[in-house]
Amino acid sequence: MPPMPSVLVVEDDQFVRSALIRHLTEAGHTVRSVGTALEALREVAHFRFDMVILDLGLPDLDGSEALKMLRGITDVPVIVATARDDETEIVRLLNDGADDYLTKPFSVEHLSARMAAVLRRARATAEPGAASPRVLRVGGLAIDPLRRQAELDGRRLDLTRREFDLLTFLAARPGVVVPRKELLAEVWQQSYGDDQTIDVHLSWLRRKLGETAARPRYLHTLRGVGVKLEPPL
């Protein structure tokens with residue numbers, strides 16, 4: 001039986017922090033916790049974690065800045081916890097490298113489901129001995145799933161982990177309309193969720209592909225049906 005994942009909890013509210021530690025420990029996780037961004041950076045520099053739960057309301061440094069600094073030294077999956085549900089804020093966090101987010105207040109069951117989904121994806125990415133997938137090509141897009149690199153017309157695309165996974169999933173099915181429920185199940189590893197999660201990532205992908213929802217080139221949304229990726233006409 002594989003060891004349970006190790007988790008770093010970054011939360012300055014002692015009550016919330018204690019509740020998270022208790023829940024995660026009871027679930028079998030190895031847990032370390034800190035209350036500031038600088039302590040979090042020291043922890044990830046000295047210890048190996050499978051997951052970081054990062055609160056944004058930290059006393060010493062804005063959580064989004066802490067996220068950027070974390071991404072500068074580690075690729076560990078990060079779930080951010082925020083009291084703000086503004087779409088612009090959520091988009092910025094995902095673009096800065098968050099793997100997922102939770103809006104406070106949230107239940108421990110919701111946290112567990114999100115953690116399980118993110119960890120499944122991280123394990124699948126790092127699975128040793130997997131067959132080398134071919135480079136996917138759709139129009140001027142070239143996507144290498146093994147190296148986790150994507151290019152558009154020879155120019156490297158700077159994608160977050162989830163943006164890359166979404167683009168790869170759609171590119172493996174060019175011209176096929178993929179239902180949103182299937183995207184949630186296969187890309188997010190969730191049997192439920194809201195459309196905003198998908199829309200946020202599609203919005204950022206479109207921007208990086210040089211298109212908009214009003215004037216799509218590669219990504220096409222069929223309202224009430226799903227999403228497809230196909231080469232431009």
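Guide: Two residues are in contact when heavy atoms lie within 4.5 Å. Helices (H or I, at least four residues) and strands (E, at least two) are DSSP runs, numbered from the N terminus. This is a predicted model: local features need pLDDT of at least 70, side-chain atom pairs count only at pLDDT 80 or more, and totals for chains, interfaces and linings use all residues. Residues are numbered from 1 along each chain as its sequence is written, and side-chain values use heavy atoms, with hydrogens and water left out.

Visitor: Which residues of α8 meet α4?
Guide: The axes of helix α4 (residues 87-95) and α8 come within 10 Å and cross at roughly 65°. Axes are lines fitted to C-alpha atoms, for helices over the stretch in contact, and angles run from 0 to 180 degrees between N-to-C directions. From α4 come E87, I90, V91, L94 and N95; their partners in α8 are Q196, V200, H201, W204 and K208.

Visitor: Is S203 buried or partly exposed?
Guide: S203 is also part of helix α8. Its relative accessibility is 37%, so S203 counts as partly exposed.

Visitor: How many residues of helix α6 are buried?
Guide: Helix α6 spans residues 161-171. The buried set includes R161, D165 and A171.

Visitor: Which residue forms a salt bridge with D165?
Guide: D165 is in helix α6, and its partner is 17 residues away, in the loop between β7 (141-144) and β8 (149-152). D165 is buried, at 8% relative accessible area. The closest N and O atoms are 2.9 Å apart, and the partner is R148.

Visitor: Which side chain meets D100 in a salt bridge?
Guide: D100 lies in strand β5 (residues 100-103) and its partner in helix α5 (residues 108-126), so the pair ties together parts 14 residues apart in sequence. Both residues are buried. The N to O distance is 2.7 Å, and the partner is R114.

Conventions
Buried means under 20% relative accessible area, exposed over 50%, partly exposed in between (1.4 Å probe, protein chains only). A salt bridge is a side-chain nitrogen of Lys or Arg within 4 Å of a carboxyl oxygen of Asp or Glu.
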